[in-house]
Amino acid sequence: MSRQYQNFVQKSFKYIFLLFLSFSVISEEKISIESLFSKIEVVSNSQERKLGLMYRENLPYDNAMFFIWEYKKRQCMWMRNTKIPLSVAFIDENYLIREIKELKPLNLDSVCSRSESIKFALEVNQGWFAEKNIKIFNKIIVE
């Protein structure tokens, strides 16, 4: 075996090991969302998703809205007729939080996930994720 090939194999092994280690650490941080909220509204059809939190004056701090789509893909949210500053977590089919974005009240611009594998979203009051120390790659548990 050539020395160059041996170096390549050793470096590759190190990177694969680090990647494996990082995924095992990430997957251990699981969060049960039912334990964090007194009420979670689940919206799973097109009409409910379009309406979302429109026309509401507030969202109680311990409430959330959980969006479910039929297919995993790049998903988008908007704030049309929504006066409440919100944060949204885009969640993949394995219940991993892939992104957390801030939503501005009454903004008509779409806020879309970068990931193409989003199947769920969790909408909460703005700043809630930071206060609860919930971050990307945390895994949520939905019962």
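Start by selecting tyrosine 55: with a relative accessible area of 56%, this residue is exposed (over 50% counts as exposed, under 20% as buried and in between as partly exposed, with a 1.4 Å probe and protein chains only). Tyrosine 55 sits in the loop between H2 and S3; helices (H or I, at least four residues) and strands (E, at least two) are DSSP runs, numbered from the N terminus. Check the backbone here too, as phi of tyrosine 55 is near 65°, a positive value in a residue other than glycine. Most residues other than glycine have a negative phi.

A word on what you have open: this is a predicted model, in which local features need pLDDT of at least 70 and side-chain atom pairs count only at pLDDT 80 or more, while totals for chains, interfaces and linings use all residues. Residues are numbered from 1 along each chain as its sequence is written, and side-chain values use heavy atoms, with hydrogens and water left out.

Now zoom out and colour by secondary structure. The protein chain has 3 helices and 9 strands, in the order α-β-β-α-β-β-β-β-β-β-α-β from the N terminus on. Of its 143 residues, 33% count as buried.

Next, select strand S2 (residues 39–43) together with S3 (63–73). The two run parallel and are joined by 5 bridges (strands pair if DSSP finds at least two bridges between them). Going from S2 to S3, the chain passes through H2, and this β-α-β crossover is right-handed: with the strands pointing away from the viewer, the path from the first strand over the helix to the second runs clockwise.

Lysine 50 is exposed, at 53% relative accessible area. Draw a C-alpha to C-alpha distance from lysine 50 to tryptophan 78: they are 8.9 Å apart in space and 28 residues apart in sequence.

That line takes you to the largest pocket, which holds about 290 Å³ of space. On a 1 Å grid over the protein atoms alone, a pocket is an open set of points where a 1.4 Å probe fits, with protein on both sides within 12 Å along at least five of seven lines, and lining residues have an atom within 4 Å of a point. Show the 18 lining residues; the closest to the centre are Arg49, Lys50, Cys76, Met77 and Trp78.

Cys76 is your next stop. Cysteine 76 and cysteine 112 form a disulfide, with their sulfur atoms 2.0 Å apart (the cut-off is a pair of cysteine sulfur atoms within 2.5 Å). The pair links distant parts of the chain, 36 residues apart: cysteine 76 is in strand S4 (residues 76–77) and cysteine 112 in strand S7 (residues 111–112). The torsion about the S-S bond is about 105°, so the disulfide is right-handed. Cysteine 76 is partly exposed at 37% relative accessibility, whereas cysteine 112 is buried at 16%. A search of the whole structure finds 1 disulfide.

Finish at asparagine 81, in the loop between S4 and strand S5 (86–92). Asparagine 81 is not a glycine, yet its phi is positive, about 55°. At 27% relative accessibility, asparagine 81 counts as partly exposed.

Definitions and conventions. Points joined across faces, edges and corners; volume = space filled by probe spheres on them.
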